[in-house]
Amino acid sequence: MKLVTCAIIMDREDVLVTRRSRRMPHPLKWEFPGGKVKDGETPEACIRREIREELGIEISVGRMLPPVIHSYGSKAFRLIPFICQHLEGVIELAEHSEFKWLPAGDLDGLDWLDADAEVLKLLKEKL
């Protein structure tokens, strides 16, 4: 089972969401940005690295939400979501096709990647 992280990046009352590009698996689905944990890397270090690589911004890593276990066909993932704060930098997309800052109440209307839809449910319980 692959260990994966995602960041629920907050800026005041808004949440950052990213849309997968056409060349990524599950194209054009919305997700909380993140990625796979490398050998010897902590989940917290992973999410800081992934956000720097994918979005070009710096974040502070806060509270961890309960992990989500999800399978896409034969691939199983343990997704660790973190509530994070945007510290500095201007978003420059390296992999995704689009991003939005949305109020937490407006997140339901997006076409979410299945595992991230589960993360959204956890987030709504915490807000």
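## Notes on the predicted model

1. Let me start with an aromatic pair. Tyr72 and Phe77 are both buried (buried means under 20% relative accessible area, exposed over 50%, and partly exposed in between, with a 1.4 Å probe and protein chains only). The ring centres of Tyr72 and Phe77 are 6.1 Å apart with the planes at 65°, so this pair is edge-to-face. The count of aromatic pairs comes to two. The rule used takes rings of Phe, Tyr and Trp (its six-membered ring) with centres within 6.5 Å, and calls planes under 30 degrees apart stacked, over 60 edge-to-face and the rest tilted.

2. A word on the ground rules. This is a predicted model, where local features need pLDDT of at least 70 and side-chain atom pairs count only at pLDDT 80 or more, while totals for chains, interfaces and linings use all residues. Residues are numbered from 1 along each chain as its sequence is written, and side-chain values use heavy atoms, with hydrogens and water left out.

3. On to the nonpolar cores (sets of buried Ala, Val, Leu, Ile, Met, Phe, Trp, Tyr and Cys residues joined through side-chain atoms within 4.5 Å). The largest one has 24 residues, and Ile8, Val17, Phe32, Leu107 and Trp112 have the most contacts inside it. At least two residues of this core come from each of strand 1 (2-11), strand 2 (14-19), strand 6 (68-72), strand 7 (75-88) and helix 2 (114-126). Helix 2 gives the largest share, five residues. Helices (H or I, at least four residues) and strands (E, at least two) are DSSP runs, numbered from the N terminus. Apart from this core lies another, of 12 residues, with Ala7, Ile9, Phe82 and Ile91 among them.

4. Trp112 deserves a look of its own. Which residues is Trp112 in contact with, leaving aside its neighbours within four places in sequence? Val17, Phe32, Leu107, Ala117 and Leu120 are among them, and the list also includes Lys29, Trp30 and Glu31. Contact here means heavy atoms within 4.5 Å.

5. Now the charged pairs. The count comes to 10 salt bridges, each being a side-chain nitrogen of Lys or Arg within 4 Å of a carboxyl oxygen of Asp or Glu. One of them joins Arg49 and Glu53, with the closest N and O atoms 3.3 Å apart. Arg49 and Glu53 are four residues apart in helix 1 (residues 43-55), so about one helical turn separates them. Arg49 is buried, at a relative accessible area of 13%, whereas Glu53 is partly exposed at 46%. Arg49 and Glu53 also belong to a network of salt bridges that links them with Glu41 and Glu50.

6. Two further salt bridges are worth checking on screen. Arg52 pairs with Glu58, the closest N and O atoms being 2.9 Å apart; Arg52 is partly exposed, with a relative accessible area of 40%, and Glu58 is partly exposed at 26%. Asp11 and Arg12 also meet through their side chains, at 3.9 Å from N to O. Here Asp11 is partly exposed at 27%, while Arg12 counts as exposed at 71%.

7. How many disulfides does a search of the whole structure find? The search gives zero, taking a disulfide as a pair of cysteine sulfur atoms within 2.5 Å. For Cys6 the closest cysteine sulfur is in Cys84, and at 8.6 Å that is too far for a bond. Cys46 is in no disulfide either, as the nearest cysteine sulfur, that of Cys6, is 10 Å away. Cys6 is buried at 1% relative accessibility, and Cys46 is buried at 0%.

8. Ser21 sits in the loop between strand 2 and strand 3 (30-31). Is Ser21 buried or exposed? Ser21 is buried, with a relative accessible area of 5%. Its side chain reaches the backbone oxygen of Glu95 at 3.3 Å. Beyond its neighbours within four places in sequence, Ser21 is in contact with Pro27, Leu28, Glu95, His96 and Ser97.

9. Last, Asp14, which lies in strand 2 and counts as partly exposed at 27% relative accessibility. Not counting residues up to four places away in sequence, Asp14 touches Ile9, Trp101, Leu102 and Pro103. Asp14 and Leu107 are 93 residues apart along the chain, and their C-alpha atoms are separated by 9.9 Å.

Key: Polar contact = N/O pair within 3.5 Å; in protein donor to acceptor, adjacent residues only side chain to side chain.
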